[in-house]
Amino acid sequence: MQKTLTTTALATLLALGATAASAEIRIGASLSATGPAAFLGDPEAKTLEMLVEQINEKGGINGEEVALTLYDDGGDPNKARTFATRLIEDDEVVAIIGGSTTGTSMSILSVAEDNEIPFISLAGAIEIIDPVKPFTFKTPHTDRMACQKIFEDMQKQGITKIGMISGTDGFGASMQAQCKEVVGEYGIEVLADETYNPTDADMTTQLTKIRNTEGVQAVLNPGFGQGPSIVTRNYRQLAIDLPLYQSHGVASDGFIELAGAEAAEGVRLPGTALLIADQLPADDPQKPVVDAYKAAFEEKTGTAVGTFGGYAHDAFLILTDAITRAGSAEPQAIRDAIEQTSGLAGTTGVYTMSPENHLGLDLSAFRMLEIKGGEWAVVE
Amino acid sequence: MPELLQFLFSGVTVGAVYALVALGFTIIYNASDVVNFAQGEFVMLGGMLTFVCHAAGLPLPLAALIAIAATSAIGVLMNKLAIEPARGAPVVSLIIITIGASIFIRGGAQLLFGKQIHSFPAFSGDTPLRIGGATILPQSLWVIGGAVVVFIGLWLFFTRTLTGRAVLATSNNRLAAQLVGINTNFVMTLSFALSAGIGALAGVLVTPITLTSYDVGLALALKGFAAAMLGGMGNPKGALAGGIMLGLLESLTAGYLSSQYKDAAAFVVILLVLFFMPQGLFGQKSVDRV
């Protein structure tokens, strides 16, 4: 009996020693894989799991295996805060990816900053990186940049008076506010400002009001989920003869399918290179990474790639790039290396970080797209 | 004038959706006084299963039939596994059980069908019908027609058939109903099957307009419940009128006041109605004979 115990104890010790010896890089993530923000967190979680698997098959980073600890915060900022603390204190991660939503990102951010752990957020709001916080970075372009891209395109068309119809969900409301803040800089006036609930079944009332507003030259619809599809259908039902702009929130093939190719014809929106992977010229710096991600994700999950999964892809890419360059997996070294990221092509854009800029993307990361015959086409 | 007409069309379209969901509440409520909060999930299942069968290559009518039959079976299972074992529990407990069942069904649907939004083609195409300068989609007429047919069916069921009266008797006094020879277990099973079937039919009809995903049930059930309360719980006439009224209220508020206050205005009206007529517009006062 005594002997067995000793052997067991020895074996356990050996096992413990073995794990410690084969060093691994521990990365943590808190995403909203379920709950109201599942449309963001679900593809993000799948992307991270896939990428970690891929990188370990290739021998890890600098010869060290990557271990991912992934928590599902369900879109709840309080849970996200708890998970961030757990990731740092119990799981002893060297970096955190996550925060599918602005709310969860803001709560992870404070924990990460206090513990000096690098954190790459996947949420849209500009508040996350403005003002710059030493350990916080983010991959998606801000909602404001989407507004600016759209208004730039309107300006080129000579449009000066528009109507807006926005979802009252977090995404729609945030983008509506951002757009109204910057719209003046482009000499554009918002004449009609309507809203709808994300679960509404019919928006013809709001659209009729916009149509009957004197002078409206184009309509902008910030929102995601089924809302924009229904708006687009109702728009055609009412035969409104004005350009319709959607947001990057619906930049996926699913939108064309739900709205119907006929109704979506001519709709413009700012999207990423991911949507037009097959149309990218061979010399585009984003082409190889976009093609590789699209092929791998679609084979693994059987669903089409979307902008949101791409955000997680880019966060992981920035992190692995930084750890490789730093040659170390110490949080401080990773942070410094992330800040020096330069000309790194991701699916969303080409990232160049600096001490003043923890997003590293500019307006060129967005491409103005138009739906033509049920396909995406680049607007020159 | 075309403007008002368009607002009315929009209101009736949305209202018919609410009415169809509200009608689904009536049977279970009439059989057991239980408000079945999983009713929205039945609607979701109707749309989702139709989508799955249609995507698998079945023709739409067959896909719809399978979806309705499968959802009815799920309704029966819910009664057998969740409601019947708790027989004798107060109505409030049973209502809470239905909330639990709705969370369970939603979670299961999320695992089985994923989180994507789905739809299937409208029955008679997408070419809008033009009437007096306003437009309405043919699918809206299907939804309105469906609501009217279900309403007539329910009305005939409760007033003209023995089974329908047995359902009402069970709700009124279970013991007395048993004493006069009504199989109350069968009545409960039947009411869940019918309610689930009506919910699924609603899902089949409204999905081309509202689209569907695993979590649409909750919002639909809340609006349907509000419509049923406005019209008078348990009364098919009330469900139909309540749904259409709620839709019109929302649409006219959005049209003439502001889309920001659309839901608030609708709920203020509901509160006012319930304040002065607690039984709803068409509900009957329950009288206890001592």
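What follows is a working chat about a predicted model with chains A and B.

Student: Let's start with the open sheet in chain A; what is the strand order, and how do the strands pair?
Tutor: The open sheet has five strands in the order β2-β1-β3-β4-β5 (chain A), with parallel pairing.

Student: Which strands are at the edges?
Tutor: The edge strands are β2 (65-72) and β5 (136-138) of chain A, each of which pairs on one side only, and the twist from one strand to the next averages 25 degrees.

Student: How many bridges are there between β1 and β3 of chain A?
Tutor: Strand β1 (residues 24-31) and strand β3 (residues 95-98) of chain A are joined by four bridges in the parallel sense, and within that pairing Ile27(A) stands opposite Ala95(A) of β3(A).

Student: And which helices pack there?
Tutor: Helix α12 (residues 307-326) of chain A packs on the sheet and touches β1, β3 and β4 (119-121) of chain A, with its direction at about 165 degrees to that of β3(A). Helix α3 (residues 77-89) of chain A lies across β1, β2 and β3 of chain A and runs at about 175 degrees to β1(A).

Student: Switching to Ser105(A): where is it, and is it buried or exposed?
Tutor: Ser105(A) sits in helix α4 (residues 102-115) of chain A, and it counts as buried because 27 other C-beta atoms lie within 10 Å, where the cut-off for buried is 20 or more.

Student: What does Ser105(A) touch, leaving out residues up to four places away in sequence?
Tutor: On that count, Ser105(A) touches Gly99(A), Ser121(A), Ala123(A) and Ile128(A). As for Ile120(A), which is 15 residues away along the chain, its C-alpha atom is separated from that of Ser105(A) by 8.9 Å.

Student: What about β10 in chain A, which way do its residues point?
Tutor: In strand β10 (residues 268-271) of chain A, Arg268(A) and Pro270(A) point one way while Leu269(A) and Gly271(A) point the other way, and all are buried.

Student: Which strand does β10(A) join, and in what sense?
Tutor: Four bridges join β10(A) to strand β13 (residues 367-372) of chain A, and the two run antiparallel; the bridge partner of Arg268(A) in β13(A) is Glu370(A).

Student: Over to chain B, then. How do α1 and α6 pack?
Tutor: Helix α1 (residues 2-32) and helix α6 (residues 162-172) of chain B pack at an angle of about 55 degrees with their axes 5 Å apart, which means that α1(B) is oblique to α6(B).

Student: Which residues make that contact?
Tutor: From α1(B) the contact uses Ile27(B), Asn30(B), Ala31(B) and Ser32(B), and from α6(B) it uses Val167(B), Leu168(B), Thr170(B) and Ser171(B). By class, the residues of this contact are four nonpolar, four polar and no charged.

Student: How many residues does each chain give to the contact between A and B?
Tutor: Chain B gives 27 residues and chain A gives 25 residues. On the side of chain B, the elements giving two or more residues are α1, α8 (184-210), α9 (216-231) and α10 (236-256), and the largest share, seven residues, comes from α1(B). That side of chain B has twelve nonpolar, eleven polar and four charged residues.

Student: Where does UniProt put the "transmembrane region" features in chain B?
Tutor: According to the unreviewed UniProt entry, they are at residues 7-29, 49-77, 89-113, 133-158, 179-205, 238-258 and 264-282 of chain B. In the model, residues 133-158 of chain B are 81% helix and 12% strand, with end C-alpha atoms 40 Å apart, whereas residues 264-282 of chain B are 68% helix and 0% strand, with end C-alpha atoms 23 Å apart.

Methods
Residues numbered from 1 in each chain as written. Chains lettered and ligands numbered in written order. Predicted model: local features only at pLDDT ≥ 70, side-chain atom pairs only at ≥ 80, totals over all residues. Buried ≥ 20, exposed ≤ 12 C-beta atoms within 10 Å, placed from the backbone. Pairing = 2+ DSSP bridges. Axes fitted to C-alpha atoms, helices over the stretch in contact; angles between N-to-C directions. Parallel < 35°, antiparallel > 145°, perpendicular 65-115°, else oblique. Contact = placed C-beta atoms within 7 Å. Nonpolar A, V, L, I, M, F, W, Y, C, P; charged D, E, K, R; others polar. UniProt positions renumbered as here; feature names shortened; annotations may be inferred.
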